[in-house]
Amino acid sequence: MAKNLIVLSDQERFFSLLIDDGEVSKIKVERRGAIRLVDSIFKGKVKKLVKGMDGVFVDIGLEKEAYLPIKQNCKRNGEEIKPVRVGEEVLVQVVREPVGEKGAKLTSRIRLVGKYLIYLPNANDVKFSSRLEEEDRKRLKAIALEVLPRYGFSCGVIFRRHASKASEEEIIKDIDSLKRLWLRILKKFSTQKKAGLLLEEYPNYIKMIKDHWYELGEMVVDNPYVWNDIVSFLEEFEPSLVKKVVYIKDVSAYINRYRIHDTFRKMLSKYVWLRGGGYIVIEETEAMTVIDVNSGEPYGESHEENALNTNLEAAKEIAKHIMLRDIGGIIVIDFIDMKRQENRDLVIKTLQESFGDEACNVQIYGFTRLGLLEMARKKSGESVSSLLTESCPLCKGRGKVRGKSLLAFELEKDLRREPHGVIDLHVNPQSADTVRSVIEKNGFKYVNMVEDANVEYNDYEIHYRT
């Protein structure tokens, strides 16, 4: 079944949602007008060496200095890498956004993502997606070994899964396009005098298209700027997809069809119920994410069988929510205790397979002596759930509630439906300013706001007048 892309917007943000088999499988949120940092390329200037951290702090033109790890006595392409000195200019790419007091994290190993491959200008090897068959690998490697030496300098590639369907001409075209882009970056690096941005990464909705273009069906957007941006990109990237991009001002039918409001509520809940009666608890902290698996009614002939069945169901749901919430960093999972090693191995295998194409960003380390499963997922910034929540005003920050940004987004979409005369909008008094701003900015003349302490914080109730 084809996947669909829905891009929704409000006054402040874009919400990019990937629909897979009728359900939302990925959500990306970004602020309108903000600089996109992750995967963007910068010219930097080394400001300070930090030997104890094996790295340097680099000025890339942002408010906070970024951190660039430097491994000592390291070689690249068989040659010794010279130590970085204070004052030296460096070409870097952002791999993680600033978080709290920490600045962005950088890498000097640039990656340029194309249609069928990832171009590595500072490498000289040929790698492959784990999902490529051996026959495809041999064919693609032969093409790469023939084409790459033509450019006269060292470079490498990572072939993506859908490269299996690409012809030799398409592969060469992709490499050539990325090579030209790299040369433009080098030229700008040499001519730009100050530290700052060299190449800004695409918006999240374009990145989703680049990752899933070969399996995309309909692409629905509710913003003419986004529609034009996507069409302009596709006219060069894959013209056959242009006709699949649809602009619809009122997207309430799609919001209802894919239960998008319900998806947000489930995503922000710490509890996830399983069909077998069990449930999982997801707790995000600053240091790591902790997930607890709990059993429901027994549906096996023994504790071991019941634990295995619940854990297998939980493993699939955990992978789904890690991707949906975009949780990164260290993740510890407390599965129901199992005695047999083959059962533990089966849970690990199920968890790994449940990540699908995302498996390349996941590292599963296995069970500890305490029976906890340790894993890590590539982290590039805050999770979606943390972006859409805020500290609870009633418990002084110990808990999380849906944030004002999500309140404004959902309210705007609901109020844009065809109004049936005047409506009374009941809101918690503490949410009144946010709601009033939404009403005024969008000119909803038919809405009468009523402050109601019985309504939950950052929520609302719509009452139609008869």
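Guide: Helices here are DSSP runs of H or I with at least four residues, strands are E runs of at least two, and both are numbered from the N terminus. The model is predicted.

Visitor: Between which two elements is the loop that holds Asp326?
Guide: Asp326 has a positive phi of about 55°, although it is not a glycine. Buried means under 20% relative accessible area. Asp326 has 14%, so it counts as buried. Its loop runs between helix 7 (303–325) and strand 21 (329–334).

Visitor: Is Asp39 buried or partly exposed?
Guide: Asp39 is not a glycine, yet it has a positive phi of about 75°. It is found in the loop between strand 3 (23–31) and strand 4 (41–50). Buried needs under 20% and exposed needs over 50%. Asp39 has a relative accessible area of 27%, so it is partly exposed.

Visitor: What is the strand order in the open sheet of five strands?
Guide: Pairing in this open sheet is mixed. Strand 3 and strand 17 (245–247) each have a single partner strand, so they stand at the edges. Neighbouring strands are turned by 15° against each other on average, direction ignored. The order is 3-2-1-16-17.

Visitor: Which residue in strand 2 is the bridge partner of Ser9?
Guide: Strand 1 (residues 3–9) and strand 2 (residues 13–20) run antiparallel. Six bridges join them. In strand 2, Ser9 is partnered by Phe14.

Visitor: Which residue in strand 16 is the bridge partner of Lys3?
Guide: Strand 1 and strand 16 run parallel. Four bridges join them. The partner of Lys3 in strand 16 is Leu216.

Visitor: At what angle does helix 4 run to strand 17?
Guide: Helix 4 lies across several strands: strand 1, strand 2, strand 16 and strand 17. Its angle to strand 17 is about 165°.

Visitor: What angle does the direction of helix 10 make with that of strand 1?
Guide: Helix 10 (residues 404–415) packs on the sheet. It touches strand 1 and strand 2. Its direction makes an angle with that of strand 1 of about 100°.

Visitor: Apart from neighbours within four places in sequence, which residues is Asn223 in contact with?
Guide: Asn223 is found in the loop between strand 16 (216–221) and helix 4 (224–237). Its relative accessible area is 9%, so it is buried. Leaving aside those sequence neighbours, its contacts are Ser9, Phe14, Arg32 and Tyr247.

Visitor: Is helix 1 parallel or oblique to helix 2?
Guide: Helix 1 (residues 134–147) and helix 2 (residues 168–191) pack with their axes 11 Å apart, at an angle of about 50°. Under 35 degrees would count as roughly parallel, and 65 to 115 as roughly perpendicular. The angle therefore makes helix 1 oblique to helix 2.

Visitor: How many nonpolar, polar and charged residues has the contact of helix 1 with helix 2?
Guide: Helix 1 passes helix 2 in a right-handed crossing. Helix 1 brings Arg139, Leu140, Ile143, Glu146 and Val147. They meet Glu168, Ile171, Ile172 and Ile175 in helix 2. By class, the contact has six nonpolar, no polar and three charged residues.

Key. Residues numbered from 1 in each chain as written. Predicted model: local features only at pLDDT ≥ 70, side-chain atom pairs only at ≥ 80, totals over all residues. Heavy atoms only, no water. Axes fitted to C-alpha atoms, helices over the stretch in contact; angles between N-to-C directions. Parallel < 35°, antiparallel > 145°, perpendicular 65-115°, else oblique. Left-handed = near helix turned anticlockwise from the far one by under 90°. Contact = heavy atoms within 4.5 Å. Nonpolar A, V, L, I, M, F, W, Y, C, P; charged D, E, K, R; others polar. Buried < 20%, exposed > 50% of the residue type's maximum accessible area, 1.4 Å probe, protein only. Pairing = 2+ DSSP bridges.
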